Amino acid sequence: MVVVEQRCAECHDESAHKGGLDIAHALRADPAARLSAISEIRDRVRAFEMPPSDADPMTEGERSALLLACDATLAREVPLLKPSPGRVTVRRLSRTHWDRCIEDLFGVASMRANAFPADDLGYGFDSIGDAMSFSTLHLEAYLAAAEDVAAQVFVDEDGTTPVRTIEGEAMDLVRGPGFGSDSDVAVLYANATIGAAFDAVREGTFRISVHAGASQAGDAPTRMMVALDGRELAQIDVTQRAPKAESITLPIGTGKHRIEVAFVNDFWDPDNPDPARRDRNLFVDRVVIEGPLEPRVAPPQQQWIAATKTMTFEAGARAIAARVFRGVVDAEHVRRLAKIAQQRTEAGGTRSEAMRVMLAAALTSPRFLFRIEPPSQAKLAEGAIEPVPPLALASRLSFFLWSSCLDEELLAAARNGELASTRGVRDRAMRMLADPRADRIASDFAGQWLELRSLDSRTPDPAMFPGFDDALREAMRRETELLFLAVMREGRDVRDLLDADFTHVDARLARFYGIEGEFSDAFSRVSLANGSDARRGLLGHASWLAVTSNPTRTSPVKRGKWVMENLLDQAPPPPPPGNAIFGDEQSVATPAGLRAQLAAHRARSECAGCHERMDAFGFALEQYDAIGRHRFGPDGEPIDASSTLPSGVRVDGVVGLRTLLRDDPAFLRALLRKLFVYAVGRDASVVERLVLDASIDRSAMLGPVRFADLIGIVVESDAFRLREAIR
Amino acid sequence: MKSTFQNRCLDRRTVLRGIGACVSLPFLDAMERAVASRGVAAPRRTLFVFAPNGKKMDEWRPKSEGALKQLPFLLEPLAPVRDHIAVISGLALDGGRAHGDGPGDHARAAASFLTCAHPRKTGGADLEVGVSVDQLLASEIGASTRFPSLELGMERGAAAGICDSGYSCAYSNNVSWRSKDTPVAKETEPRAVFARMFGDPEAALDQRARAALLASRRSVLDASLAEAKSLARQLGGRDRAKLAVYLDSVRELERRIEREQQSQQDAPPAPKNVFAERGDFAARLDAMYELIALAFETDQTRVATFMLGNAGSNRSYRFLSVPEGHHDLSHHGNDPHKLAGIRAINRFHVERFAAFLQRLQSTKSGSGTLLDATAVVYASGISDGDRHNHDDLPVLAVGVGRGGRHLVCDKETPMANLFVSVLRRAGSQQERFGDSTGALDLG
């Protein structure tokens with residue numbers, strides 16, 4: 001490290017201590033701190049950020065000698081570091097995990113999961129045990145959702161069609177002055193709407209029959225309107241006095257619905273000589289809802305349920321526990337569940353009800369809701385390193401790669417010792433990656449890494465961006481997920497994420513992008529090899545360009561920050577002490593004006609540190625507007641999308657930025673670190689970061705880096721397979 | 001050197017105690033008893049409202065100290081309840097400042113808002129700030145109602161990303177902290193809030209079905225409790241702490257269900273705004289205020305917090321003809337267009353708050369109105385959104401002391417001092433909170 005001491009110590013010595021770095025001190029520090037200083041020095045010199053422009057420039061020879069020396073030291077010494085695997089705090093299932101587990105275990109979905117409190121994110125992910133809170137509100141939501149799932153799994157259907165009858169007089173007034181009742185019939189004497197809620201246990205065809213009669217007056221017949229969930233189903237003329245059924249048959253989805261019946265043409269003619277023709281009223285006797293008319297077909301995931309029908313409660317409890325508790329079944333808990341079922345039947349409940357309570361209890365248990373990694377049986381000293389027990393390791397794999405609970409095959413693999421070796425873990429991970437369930441990595445990992453999940457909450461100004469709706473949001477998100485999947489599934493180099501010469505569009509997105517050709521509602525791949533460069537790779541995707549914009553305009557600062565944080569894992573440095581002020585861009589109408597404002601902003605020394613790089617990245621993307629459309633100046637001229645990094649390197653538009661990022665080893669390191677944090681459930685330590693960087697750097701030297709390679713590095717890491725013992 | 005006597009806003013009791021004269025205490029308590037004996041004492045309710053992104057201070061702060069004569073533009077909607085309002089200037093949240101931690105003022109503004117503590121900067125591991133004043137109060141008086149406290153907000157958490165400059169979203173999205181490392185999740189669906197308190201307005205369970213549901217829930221929770229206890233014995237350290245929170249939740253929910261099994265309270269009709277569409281922000285805001293009023297009126301809880309937005313909220317207020325994002329606008333740089341947007345948003349928030357206070361005023365409670373029985377602190381953890389400063393905060397106090405005036409405290413008077421006064425009024429015995437140096441004298 002002589003080169004470093006010679007060249008850098010002038011400013012970075014004990015007295016000047018520039019940038020908080022004292023080289024001599026850093027190089028004598030413990031190995032982790034020393035190597036992390038060397039890594040930082042290498043990166044800054046490599047990016048031409050050091051030495052600064054006001055210092056003596058380095059000759060090319062000095063520069064390469066320094067970089068070589070740093071690389072050699074890191075390559076030699078980092079592998080000797082032994083990062084502690086640490087101990088991961090018990091993790092609550094995220095909303096996504098809960099959803100996926102329920103889907104995989106039972107083949108059903110609960111709308112109630114929508115009501116779960118938002119998951120607390122740590123380091124941008126919902127899989128961080130320390131960050132995830134629990135409160136009574138969570139418990140209530142989990143309990144209600146568990147009951148909902150149980151009702152969909154243990155159903156009382158005996159082959160006959162379920163029928164629900166709602167008496168007219170029991171319906172509530174939705175609109176209008178009121179209604180009377182006469183021998184159990186609702187009398188609508190003026191224009192009014194009455195309604196009632198009902199549950200559809202599953203989707204299917206339903207027959208809704210309104211039993212209604214009417215009195216007549218005036219020329220028109222009495223008219224009734226029937227609506228479901230606020231949508232009109234039919235207008236029906238009711239001409240007879242005695243109630244008669246009017247039926248409507250239609251498909252209805254699972255969940256809560258609301259039926260409404262309205263009287264819409266009130267008429268009163270007090271002077272009519274015939275007293276029976278003076279008042280037009282509607283009488284609603286009852287509403288009968290039959291359905292689903294199709295017999296129930298249990299999803300394949302529920303095949304085991306049929307067998308529980310003839311089991312003892314104890315055996316039923318064991319069957320439930322085996323699935324819901326991810327392989328950990330203890331006798332005490334089985335007894336407890338069986339007892340609940342017993343109590344339920346003693347209180348007059350049916351067998352299905354008893355099974356339902358058991359399942360609800362299992363799904364509310366901490367053994368389901370938390371990912372508990374049981375203590376080892378061996379008596380180890382506090383802090384000693386031990387392997388993660390096989391079942392817990394299997395769960396780590398399934399939540400990482402499938403966002404879900406483990407299945408029977410994985411359970412068997414854990415039980416027969418397959419996960420005992422590093423090799424075994426890797427092989428299993430590769431097989432799991434080949435499973436369709438691994439597609440979820442695109443929405444669950446990439447969706448969080450690239451902040452695609454935030455698209456839902458972005459609300460561009462409709463006056464400026466008419467037509468930006470949920471369908472477009474969905475299409476944008478899907479495009480990015482599909483690029484990710486293409487890279488993952490086709491064994492491409494992960495840097496193709498930055499410059500793939502293809503993308504995926506449906507008709508909507510093709511229209512939005514102005515891509516010509518025939519497209520449908522389904523996504524298809526389009527080659528960009530010969531066309532415009534605008535949509536190549538992630539940087540040209542409208543999804544994240546929209547996520548990082550303000551409602552009325554682009555934000556080069558936010559885009560630059562997104563690039564730094566997510567693609568390079570370089571958080572903007574904090575402002576110098578005493579300068580907590582950090583402004584945002586000012587209000588300006590044009591990109592050129594914005595550019596001028598930001599230039600002024602950077603001229604303030606306290607802002608420059610953060611903003612020089614961020615802004616430079618953001619400006620390179622100024623040819624995309626706030627929802628990611630390619631844009632031009634007022635006279636159709638191209639928008640200035642060039643910028644200069646603090647190092648003096650020029651970035652010219654999206655093409656320049658793409659090349660810059662693709663060649664920057666920080667991109668691969670960032671992706672690996674993010675994947676590590678997502679998988680392990682905590683931040684990487686300084687030492688772990690060095691080790692991860694070294695392994696990805698090595699991998700990159702050997703050729704293309706595939707997503708599977710990154711998965712391999714993560715699952716083989718000590719942090720994934722080992723842990724510190726606690727007593 | 002300044003003596004405590006010169007510190008305006010310091011409560012007389014604190015001053016007296018400061019010089020060793022505790023004699024005043026019994027006298028004051030006797031006074032309080034006398035007040036109470038004039039009629040049936042209504043239970044005291046307390047609400048904390050968090051407004052994101054600061055305020056347009058030049059149109060918020062009254063021109064003169066003392067009696068509230070002319071209300072500044074942003075406070076004009078409060079005219080009908082002026083006598084109940086104390087506008088307090090000069091309070092500071094020191095915990096919101098950087099103290100060497102760099103950017104992240106929005107996250108810190110929310111995290112320190114009710115804790116009056118400085119959050120540890122972390123993206124996830126080792127969250128730490130402090131117990132919030134509402135949770136402290138709930139731990140003392142919460143057992144007497146079905147819900148020890150309610151936590152409500154208008155925005156769910158972020159779906160992705162780091163919320164603010166290296167701070168975990170837990171800091172930006174919560175103001176209630178049950179312990180120094182555990183935030184309390186908030187409910188953001190008006191309809192779900194109603195259902196939680198009074199039952200699902202659309203489920204229409206009959207007596208038998210309701211009884212069966214409650215009984216089944218009891219047995220589910222019993223099993224969960226037993227399960228968590230046996231697990232906790234096997235786990236150590238942080239794992240056990242996580243499980244302890246689960247255990248507490250199970251116990252709280254069991255207590256609530258037990259109470260429900262005994263009572264036959266009729267549910268009030270669901271307010272119509274409860275069913276407002278997701279996009280109708282104004283209606284949903286009114287619905288939340290109405291639900292807080294209902295919760296207080298029916299004594300479901302006596303402590304609530306309400307976040308009008310998460311810290312740094314960038315919501316656009318299109319219905320006010322303000323399409324830009326709130327946070328974006330708050331960095332106004334004195335641009336007239338942006339200032340106009342901020343002004344409209346600030347004014348709207350105060351209008352809805354004023355309507356809520358009038359709703360409380362029109363409801364009887366004990367021998368007075370619900371407003372008389374309620375203390376509200378409405379404030380922002382940032383003063384000017386463009387400067388991100390955490391001193392001279394915009395603060396309204398309702399029912400904490402004498403209203404109808406503008407109180408100007410010495411610079412750097414901790415917000416915690418106001419909370420000490422709030423705690424005392426609500427019957428707490430706490431003498432200190434967070435970084436408090438005493439209690440505010442609110443007369």
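**Salt bridges and the interface**

Mentor: Start with Arg489(A). Arg489(A) has a relative accessible area of 35%, so it counts as partly exposed. Keep in mind that this is a predicted model.

Trainee: What does the side chain of Arg489(A) meet in a salt bridge?
Mentor: Asp439(A), with N to O at 2.8 Å. The pair links distant parts of the chain, 50 residues apart. Asp439(A) is in the loop between helix 14 (422-434) and helix 15 of chain A, while Arg489(A) is in helix 16 of chain A.

Trainee: And is Asp439(A) buried, exposed or partly exposed?
Mentor: Partly exposed, at a relative accessible area of 31%.

Trainee: Which residue forms a salt bridge with Asp126(A)?
Mentor: Arg453(A), with the closest N and O atoms 3.1 Å apart. Asp126(A) sits in the loop between helix 5 (95-106) and helix 6 (136-153) of chain A, and Arg453(A) in the loop between helix 15 (440-449) and helix 16 (470-489), so the pair ties together parts 327 residues apart in sequence.

Trainee: Are those two buried or exposed?
Mentor: Both Asp126(A) and Arg453(A) are buried.

Trainee: Back to helix 16. What does Arg477(A) pair with?
Mentor: Asp456(A), in a salt bridge of 3.7 Å, N to O. Arg477(A) lies in helix 16 of chain A and Asp456(A) in the loop between helix 15 and helix 16, so the bridge ties together parts 21 residues apart in sequence. Arg477(A) has 14% relative accessibility, so it counts as buried.

Trainee: Which residues are linked in a network of salt bridges?
Mentor: Glu490(A), Arg492(A), Asp496(A), Asp499(A), Arg525(A) and Arg662(A).

Trainee: How many salt bridges over all chains?
Mentor: The count comes to 89.

Trainee: Switching to the interface. How many residues are in contact between chain B and chain A?
Mentor: 74 residues of chain B are in contact with 74 residues of chain A. The area buried between the chains is about 6,100 Å². Carbon and sulfur atoms give 57% of that area.

Trainee: How many salt bridges cross the interface of chain B and chain A?
Mentor: The rule finds 7. One for you to look at is Arg256(B) with Glu140(A), at 2.9 Å, N to O. There are also 19 residue pairs in polar contact across the interface of chain B and chain A.

Trainee: Which elements of chain B touch chain A?
Mentor: Those giving two or more residues are helix 5 (169-173), strand 6 (182-183), helix 6 (190-198), helix 7 (207-234), helix 8 (237-262), strand 9 (322-325) and helix 10 (326-330) of chain B. Helix 7 of chain B gives the most, with 15 residues. By type, the chain B side that touches chain A divides into 29 nonpolar, 24 polar and 21 charged residues.

Trainee: What about helix 23 of chain A? Which of its residues are buried?
Mentor: Gly653(A), Val654(A), Leu657(A), Arg658(A) and Leu661(A).

Trainee: Why would the spacing do that?
Mentor: An α-helix has 3.6 residues a turn, so residues three or four places apart point the same way.

Trainee: Last one. What's in chain A as a whole?
Mentor: There are 27 helices and 20 strands. Of the 727 residues of chain A, 55% count as buried. The C-alpha atoms of chain A fill a box of roughly 110 × 75 × 50 Å along the principal axes. Among contacts in chain A between residues at least 6 apart in sequence, 72% join residues at least 24 apart.

Note on methods. Residues are numbered from 1 along each chain as its sequence is written. Chains are lettered from A and ligands numbered from 1 in the order in which they are written. This is a predicted model: local features need pLDDT of at least 70, side-chain atom pairs count only at pLDDT 80 or more; totals for chains, interfaces and linings use all residues. Side-chain values use heavy atoms; hydrogens and water are left out. Contact means heavy atoms within 4.5 Å. Buried area is the accessible area (1.4 Å probe) that two parts lose on being put together, summed over both. A salt bridge is a side-chain nitrogen of Lys or Arg within 4 Å of a carboxyl oxygen of Asp or Glu. A polar contact is a pair of N or O atoms within 3.5 Å; within protein, one must be able to donate a hydrogen and the other to accept it, and residues adjacent in sequence count only if both atoms are side-chain atoms. Helices (H or I, at least four residues) and strands (E, at least two) are DSSP runs, numbered from the N terminus. Ala, Val, Leu, Ile, Met, Phe, Trp, Tyr, Cys and Pro count as nonpolar, Asp, Glu, Lys and Arg as charged, and the others, Gly among them, as polar. Buried means under 20% relative accessible area, exposed over 50%, partly exposed in between (1.4 Å probe, protein chains only).
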